[in-house]
Structures are given as structure tokens and as C-alpha cells.
Amino acid sequence: AGTTKITLYCVAWKGKSGALNLSGNCTITPPRIEAASNDGASSNSPYTMTVTDSDRYEFTVSGCNSDTVINLQSEARVILWDVQLD
């Protein structure tokens, strides 16, 4: 309850595009993002990612309450970090 914004960083696996869908019993805008491919997101070392501001996403949330569950579903392999609820 009280959350009005979700921010996170997200990149897709090397050579892929990665859609991330957010849903729940509240309104989330935008409900979907297309994360960009990142060469460092692979199964081969070295695991070095270059991250830019374009890899940071912000979602507006309204209609939440203490029972709200927000679901994140990816359509391909993605990496999420620094998820913040404000």
C-alpha cells in the first residue's frame, strides 16, 4: 500500500529482445517494456555489462492496497536489478 512508482534496471540476453510484463490487481503504466539486448548478459565469461540510462525503467502504479501482488513475467531471458518501490 502506498506504492506509486516502481523503478528497475532490465537488460535482455545477448542477441535477444526481452519483453517484461507487469500485472496485478492495480493499474501499472506502462504494463510492458521491451528490454534491449546486452552483450554482457550471456553464459560466457567475462560477465561484464555496460549499462546506460536507457536500461532504467519507471512504472507508475495506482490503486494498490496492502494485499496487492505485482507479477513480473518475461517473454525471454532478462536480468533485473535495483528494483525499488516508492
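Which side chain meets that of Arg56 in a salt bridge? I found that of Glu58, with 3.8 Å from N to O. I counted as a salt bridge a side-chain nitrogen of Lys or Arg within 4 Å of a carboxyl oxygen of Asp or Glu.

**Basis of the entries**

I worked on a predicted model, in which local features need pLDDT of at least 70 and side-chain atom pairs count only at pLDDT 80 or more, while totals for chains, interfaces and linings use all residues. Residues are numbered from 1 along each chain as its sequence is written, and side-chain values use heavy atoms, with hydrogens and water left out.

**Entry 1: salt bridges**

For accessibility I took buried as under 20% relative accessible area, exposed as over 50% and partly exposed as in between (1.4 Å probe, protein chains only). Arg56 is partly exposed at 38%, and Glu58 is partly exposed at 42%.

I then turned to Arg32. Its side chain meets that of Glu34 at 2.9 Å, N to O, and that of Glu75 at 2.5 Å, N to O. Because Arg32 lies in strand 4 and Glu75 in the loop between strand 6 and strand 7 (78-85), this pair ties together parts that are 43 residues apart in sequence. I recorded Arg32, Glu34 and Glu75 as linked in a network of salt bridges. Arg32 has 38% relative accessibility and counts as partly exposed; Glu34, at 45%, also counts as partly exposed.

**Entry 2: the sheet**

I took strands (E, at least two residues) as DSSP runs, numbered from the N terminus, and regarded two strands as paired if DSSP finds at least two bridges between them. Strands of a sheet pair through backbone hydrogen bonds, either parallel or antiparallel.

I found an open sheet of 3 strands in the order 4-2-6, with antiparallel pairing. Its edge strands are strand 4 (32-35) and strand 6 (70-74), each of which pairs on one side only. Neighbouring strands are turned by 20° against each other on average, direction ignored; the axes are lines fitted to C-alpha atoms, and angles run from 0 to 180 degrees between N-to-C directions.

I next followed strand 2 (residues 18-24), which is joined to strand 4 by 4 bridges and to strand 6 by 5 bridges. Asn21 stands opposite Arg32 in strand 4 and opposite Gln73 in strand 6. Ala19 has Glu34 in strand 4 as its bridge partner. I noted strand 2 as mostly covered, with 5 of its 7 residues buried.

**Entry 3: cysteines**

How many disulfides does the structure hold? I found 0, where a disulfide is a pair of cysteine sulfur atoms within 2.5 Å. For Cys10, the nearest cysteine sulfur is that of Cys26, 18 Å away. For Cys64, the nearest cysteine sulfur is also that of Cys26, at 3.7 Å. Cys10 is buried, at 0% relative accessibility.

**Entry 4: the largest pocket**

I read a pocket as an open set of points on a 1 Å grid over the protein atoms alone, where a 1.4 Å probe fits, with protein on both sides within 12 Å along at least five of seven lines; lining residues have an atom within 4 Å of a point. About 170 Å³ of space lies in the largest pocket, a volume being the space filled by probe spheres set on the points.

Its lining comprises 13 residues, of which Thr3, Ile6, Thr68, Ile70 and Leu85 lie nearest the centre. I noted strand 1 (5-12), strand 6 and strand 7 as the elements that give two or more residues to this lining.
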